[in-house]
Amino acid sequence: MILKWLFDRVVSFIGLLLLWPVLLVVAILVKMKMPGGPAFFVQKRVGKGGKLFMCHKFRTMTVNHNGSTVSVAGDYRITPLGAKLRHYKLDELPGLWDVLIGNMSFVGPRPDVPGYADKLVGEDRNVLKLRPGITGPATLKYRLEDEYLANARTLVSGFKFLDSGKEKPDFDKMTDQEIAVWYNDNVIYPDKVRLNCYYYRHYSFNKDIQMILCTVLGKKMKYAGEII
């Protein structure tokens, strides 16, 4: 883990030095294309040991919006520029600062908003022993999660409720956003926890490097017996 700590500090520092012109351009574009609000989106997230920290991203949504923390492609709250930033993961660049100061790592579980971490029980709470990451196995598997959740109504139609032991809601009476939240909470989030617990039990610095490269290059890799 010492190697991981050193890698995070050195590479995040170099990244900020090299990419500051990109961050500046994106910040200016956000201010120009999405006026009336800040360039950065800063929100409390759950970090290592359950400690809260302020997570930094570029803002991709309209100002003073209301709604779920689960977003889908086509969400009215996401601006056209914001959609592009999300698709190419440019909104995550300010996270280099969070890595540099030690709140995050390059690889680890995505930092949850308060509330989700409270649902972790038993060995699943091992996830909280990890420093949250900009990327990780769950992030790679669901790299285009908002676009994936845009098809939530179709996804739940093929979900095997008898095999899962879950009670089937009346999806016909639910909005697309409500179905997306249900699918996230009952299918995607538990799968993310499973992958993150596997990462905790089978940590490998070499796999960290592979995950970072796959994230940057948009490639897939084999991990935990599946392709992510």
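Predicted model: local features only at pLDDT ≥ 70, side-chain atom pairs only at ≥ 80, totals over all residues.
Residues are numbered from 1 along each chain as its sequence is written, and side-chain values use heavy atoms, with hydrogens and water left out. Local features need pLDDT of at least 70 and side-chain atom pairs count only at pLDDT 80 or more, while totals for chains, interfaces and linings use all residues.

Next, select Leu81, Gly82, Leu85 and Arg86, which are the buried residues of α2 (residues 80-87). They lie on the same side of α2 because they cover an arc of only 135° around the axis, taken from the directions from the helix axis to the C-beta atoms. Helices (H or I, at least four residues) and strands (E, at least two) are DSSP runs, numbered from the N terminus.

Now move to Phe171, Trp182 and Tyr183, which touch the most other members of the largest nonpolar core, a set of 24 residues. Such a core joins buried Ala, Val, Leu, Ile, Met, Phe, Trp, Tyr and Cys residues through side-chain atoms within 4.5 Å. Both α6 (152-157) and α8 (176-201) supply at least two residues of this core, and the largest share, nine residues, comes from α8.

Finally, select Cys55, Ile212, Cys214 and Met221, which are included in a second, separate core of 19 residues.

Technical notes: Buried < 20%, exposed > 50% of the residue type's maximum accessible area, 1.4 Å probe, protein only.
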